[in-house]
Amino acid sequence: MSKIIITCAVTGSIHTPSMSPHLPITADQITEQSIAAAEAGAAILHLHARDPENGRPSADPAHFMAFLPRIKQRSDAVLNISTGGSATMTLDQRLAAPKMAEPEMCSLNMGTMNFALYPAAERITDWQYDWEKPFLEGSDDLVFKNTPRDMAHVLNEMGDKRGSRFEFECYDVSHLYMLRHFMDRGLVQAPLFIQFVFGVLGGIGPDPENLTHMKLIADKLFGDDYGFSVLAAGRHQMPLITMSAILGGHVRVGLEDSLMISRGTLARSNAEQVLKIRRIVEELGRTVATPEEARGMLHLKGGDRTAI
Ligand code: KMH
Ligand code: ZN
């Protein structure tokens with residue numbers, strides 16, 4: 001089996017400050033947690049930004065640039081910037097920072113969908129900031145828009161013009177067929193790095209049977225032209241990514257996807273989750289890829305060819 005790439009998604013736009021005191025918010029916190037996650041074994045850092053004043057998900061390039069160069073200076077990890085941002089942002093907003101930074105990698109979300117975060121609001125009683133409750137509750141009428149035109153635009157802006165390669169976020173089997181469509185149009189090239197996403201309300205559920213089915217269909221559609229990684233939301237994170245490691249896939253951890261380290265216990269940092277999955281996959285006989293090895297496996301352009 002090939003080496004296993006650990007991605008760490010450090011902060012994201014699903015969780016809010018009231019949910020965990022360990023969620024990194026400021027540029028200092030995002031920088032320190034990213035570097036610790038890389039030192040723990042993450043070859044790729046998947047990054048979103050937040051407004052340091054109130055922790056709100058932010059698309060402001062200034063917020064990204066407050067931490068990206070600092071991480072790059074102190075770590076060799078592959079920097080992967082989200083183009084999904086938050087469903088509340090326009091595509092132009094979502095692309096502003098990736099276009100400026102020209103990273104080695106960025107995410108690409110493979111379909112329009114519901115992204116329902118509102119059940120989480122019921123579990124919170126003490127809200128730190130005014131924006132959090134309406135942000136979560138409003139997701140019962142929110143469309144995460146990723147039309148074929150949007151995807152082609154991201155591929156052109158980030159791939160063709162800037163040489164970034166992609167973490168293709170597939171939240172359902174249908175998204176695999178959409179990715180195949182873009183391959184047939186010659187807009188995406190092998191080797192594909194496909195992130196199977198489980199447990200977002202609006203996407204496929206976090207059942208083990210769904211992972212085998214996603215892999216079965218991806219094998220059929222892409223053959224040897226792809227590698228897969230798994231992320232799963234909340235308490236399903238560790239079990240499903242362990243299954244990915246067993247099946248020969250890669251893994252993604254991080255507080256973006258789950259705030260927990262085990263049932264009922266908050267993770268104190270991103271690095272804690274990286275160390276946990278690293279222990280598991282090494283026990284299973286897999287060897288963790290370095291950033292340089294991940295660059296080779298994914299055909300990345302190199303850290304020296306970004307604008308960070
Ligand atoms: N938080 C994941 C479920 C993106 O940033 O483009 C989805 C994600 C999307 O990471
Ligand atoms: Zn993300």
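Which helix gives the most to the lining of the second largest cavity? Helix 4 does, with four residues; the views below take in that spot and a few others.

This is a predicted model, where local features need pLDDT of at least 70, side-chain atom pairs count only at pLDDT 80 or more, and totals for chains, interfaces and linings use all residues. Residues are numbered from 1 along each chain as written, chains are lettered from A and ligands numbered from 1 in the order written, and side-chain values use heavy atoms, leaving out hydrogens and water.

**View 1. The second largest cavity, about 70 Å³ in volume.** Sixteen residues line this cavity, and Ser58, Ala59, Phe64, Gly85 and Met89 sit nearest its centre. Strand 4 (57-58) and helix 4 (91-101) are the elements giving two or more residues to the lining. Helices (H or I, at least four residues) and strands (E, at least two) are DSSP runs, numbered from the N terminus. A cavity, by the way, is a set of points on a 1 Å grid over the protein atoms alone where a 1.4 Å probe fits but cannot get out, and lining residues have an atom within 4 Å of a point. Its volume is the space filled by probe spheres set on the points.

**View 2. The largest cavity, about 300 Å³ in volume.** Of its 27 lining residues, Ser13, Ile14, Gly85, Phe115 and Tyr171 are the closest to the centre.

**View 3. Phe115 meets Phe144 edge-to-face.** Their ring centres are 5.4 Å apart and the planes sit at 90°. Aromatic rings (Phe, Tyr and the six-membered ring of Trp) pair if their centres lie within 6.5 Å, with planes under 30 degrees apart counted as stacked, over 60 as edge-to-face and the rest as tilted. Phe115 is buried at 13% relative accessible area, and Phe144 is buried at 4%; buried means under 20% (1.4 Å probe, protein chains only).

**View 4. Trp131 and Phe135, another edge-to-face pair.** Here it's 5.4 Å centre to centre and 80° between the planes. Both residues are buried.

**View 5. The zinc ion (ligand 2) and its donors.** His46 (NE2), His48 (NE2) and Glu256 (OE) coordinate the zinc at 2.0 to 2.1 Å. Donors are N, O and S atoms within 2.8 Å of the metal (3.2 Å for Na, K and Ca); water isn't among the atoms, so sites may look incomplete. Along the chain, the spacing reads H-x1-H-x207-E. His46 and His48 are both buried.

How values were computed
Buried means under 20% relative accessible area, exposed over 50%, partly exposed in between (1.4 Å probe, protein chains only). On a 1 Å grid over the protein atoms alone, a cavity is a set of points where a 1.4 Å probe fits but cannot get out, and a pocket is an open set with protein on both sides within 12 Å along at least five of seven lines; lining residues have an atom within 4 Å of a point.
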